[in-house]
Amino acid sequence: MGNKFLEGNFAPVSREHTITELSVTGRIPEYLDGRYLRNGPNPLSEVDPATYHWFMGDGMVHGVRLRDGRAEWYRNRWVRNPRLSAELGERWDGGTAASLGANTNVIGHAGKTLALIEGGATSFELTDELDTVGACDFDGTLPGGYTAHPKRDPETGELHAVSYFFGSGNKVQYSVIDARGRARRTVDVEVTGSPMMHDFSLTEKHVVFYDLPVTFDNDRAVAASVPSVLRTPARLVMSALVGKVKVPDPFGAKLRQRISGNAGLPYRWNPKYPARIGVMPREGGNGDVRWFEIEPCYVFHPMNAYDDGDDIVLDVVRHPKMFDTELLGPAEGPPTLDRWTIDLTVGKVVEERLDDQGQEFPRVDERLVGRRHRFGYSVSTRDGSASSGALLKHDLWNRSVASREFGAGSQVGEFVFVPSSVDAGEDEGVLMGFVYDAATQKSDLTILDAGTLETVGAVHLPDRVPNGFHGNWVGAEG
């Protein structure tokens with residue numbers, strides 16, 4: 001049985017590189033001093049194509065160090081955990097951790113590099129050179145798993161996040177990590193059941209929760225992890241507990257450790273589950289959340305959100321459904337860029353379409369997270385997974401879209417914006433991301449002028465970077 005998430009540029013690469021002599025076309029702006037990092041799935045050992053889910057592959061971080069107009073190095077490293085270290089013949093001294101490798105995002109915070117994943121699994125600290133230090137629990141202030149999608153407040157430098165775990169009953173956890181890397185606040189928020197809450201939105205005043213109809217699937221979880229003779233009682237127990245009762249902490253910790261990489265994903269489209277958005281004041285609690293119904297859909301990634309008087313504006317990439325007929329990765333029809341405006345006075349949500357062409361991996365200028373934005377960037381895609389070869393720039397004031405095509409056989413990863421200076425305008429700077437060329441079977445770190453989308457420079461890598469998930473620019477000061 002074929003599995004497209006193991007073929008073409010979804011296929012894993014087989015080796016780790018440390019390259020200090022890199023060819024560059026064009027130029028690298030002198031103001032770029034830091035690392036471009038990107039995370040994604042890259043199974044270390046052979047997997048079963050019939051069950052492997054793209055989201056579950058072993059994590060591998062790719063990075064390019066830029067300084068003084070030069071590309072100093074390219075490195076790619078598997079994010080170690082106890083299982084991967086054993087497979088690589090290495091000793092593991094990184095603390096208690098799940099066997100699922102952090103494969104979804106990589107950020108810099110409080111002087112550390114962190115590889116992140118969602119669903120209650122472990123985050124990991126990396127060195128500046130991308131070697132794994134060990135499990136991260138934010139200096140013991142946030143035990144358990146975290147999320148792949150924290151958002152940094154541009155004013156305070158704090159990380160805001162919403163984390164979910166199927167052992168948490170009908171609750172998700174909102175947390176705030178301060179600029180020193182320690183949790184200063186956590187809030188448990190009740191939801192309808194056990195949703196896959198991949199991301200959330202943040203404004204200057206509010207936290208926004210997406211309680212949508214992709215939920216924990218008992219049958220898939222039991223089939224993947226329980227011997228056949230025990231599956232019937234296991235299904236009964238899980239049906240009675242998941243989404244209703246929190247698993248006690250000692251057992252929850254054991255469940256997290258048992259989460260395995262390179263397997264199936266135990267979440268699926270649930271047409272009986274209501275689709276709704278929750279709004280909580282930043283310093284509020286569970287009792288302060290207001291819920292608003294929307295049309296059934298799924299959102300992996302909001303572009304941004306902001307307060308507008310008594311309204312909240314949410315720009316999101318909307319999927320019509322998710323993991324209904326395609327159970328190995330996102331491929332349920334073209335995702336579109338939509339705007340949802342929450343009228344807090346009237347108590348309703350107005351849904352409108354901003355752009356109907358398929359796209360994913362939306363980003364904005366990180367200095368405007370939670371603030372009104374003009375520009376947003378996304379990657380074209382036909383089904384929500386592989387890029388169809390173009391980067392899109394949205395002017396949301398003028399309701400226009402510019403497209404940068406990279407040519408036949410190209411696949412484009414998520415691009416991030418880096419301003420040319422602290423006080424530069426919203427598109428005064430560069431966009432950077434990996435672009436794969438099928439003809440050469442290699443990838444470039446491509447740097448574009450954010451204003452014109454023209455190429456400024458390209459760092460040519462010795463190998464390809466498989467289609468993956470999220471990355472960030474981590475400046476030398478971070």
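Colleague: How many residues does the largest nonpolar core have?
Modeller: In this predicted model, the residues with the most contacts inside the largest nonpolar core include Met 196, Phe 209, Trp 340 and Leu 431. The largest share of this core, four residues, comes from strand β15 (residues 206-211). A second, separate core has 20 residues, among them Ile 28, Tyr 36, Tyr 74 and Trp 473. The largest nonpolar core has 85 residues.

Colleague: Which strands stand at the edges of the open sheet, each with a single partner strand?
Modeller: Four strands form this open sheet, in the order β14-β15-β18-β19, with antiparallel pairing. Each edge strand has a single partner, so one side of it is left without a neighbour in the sheet. The strands at the edges are β14 (200-202) and β19 (290-293).

Colleague: Which residue of β19 is the bridge partner of Gly 278?
Modeller: Strand β18 comprises residues 276-281 and pairs with β19 in the antiparallel sense. This pairing runs over four bridges. The bridge partner of Gly 278 in β19 is Trp 291.

Colleague: Which residues does the UniProt annotation "binding site" cover, and why do they gather at one spot?
Modeller: The annotation comes from an unreviewed UniProt entry and covers His 149, His 198, His 301 and His 470. These residues span 322 residues in sequence.

Colleague: Is His 149 buried or exposed?
Modeller: His 149 lies in the loop between β9 (132-136) and β10 (151-152). Beyond its neighbours within four places in sequence, His 149 is in contact with residues including Asn 105, His 160, Asp 199 and Phe 200. The relative accessibility of His 149 is 7%, and buried means under 20%. His 149 therefore counts as buried.

Colleague: What is the relative accessibility of His 470?
Modeller: His 470 lies in the loop between β32 (455-460) and β33 (471-475). Not counting residues up to four places away in sequence, His 470 touches residues including Arg 38, Thr 104, Phe 361 and Glu 414. His 470 counts as buried because its relative accessibility is 4%.

Colleague: Which side chain makes a polar contact with the side chain of His 470?
Modeller: The residues that His 470 touches include His 149, His 198 and His 301. A polar contact of 3.5 Å joins the side chains of His 149 and His 301. For the side chain of His 470, there is a polar contact of 3.3 Å with the side chain of His 149.

Key
Residues are numbered from 1 along each chain as its sequence is written. This is a predicted model: local features need pLDDT of at least 70, side-chain atom pairs count only at pLDDT 80 or more; totals for chains, interfaces and linings use all residues. Side-chain values use heavy atoms; hydrogens and water are left out. Two strands pair if DSSP finds at least two bridges between them. Helices (H or I, at least four residues) and strands (E, at least two) are DSSP runs, numbered from the N terminus. A nonpolar core is a set of buried Ala, Val, Leu, Ile, Met, Phe, Trp, Tyr and Cys residues joined through side-chain atoms within 4.5 Å. Buried means under 20% relative accessible area, exposed over 50%, partly exposed in between (1.4 Å probe, protein chains only). UniProt positions are given in the numbering used here, feature names are shortened, and annotations may be inferred rather than shown by experiment. Contact means heavy atoms within 4.5 Å. A polar contact is a pair of N or O atoms within 3.5 Å; within protein, one must be able to donate a hydrogen and the other to accept it, and residues adjacent in sequence count only if both atoms are side-chain atoms.
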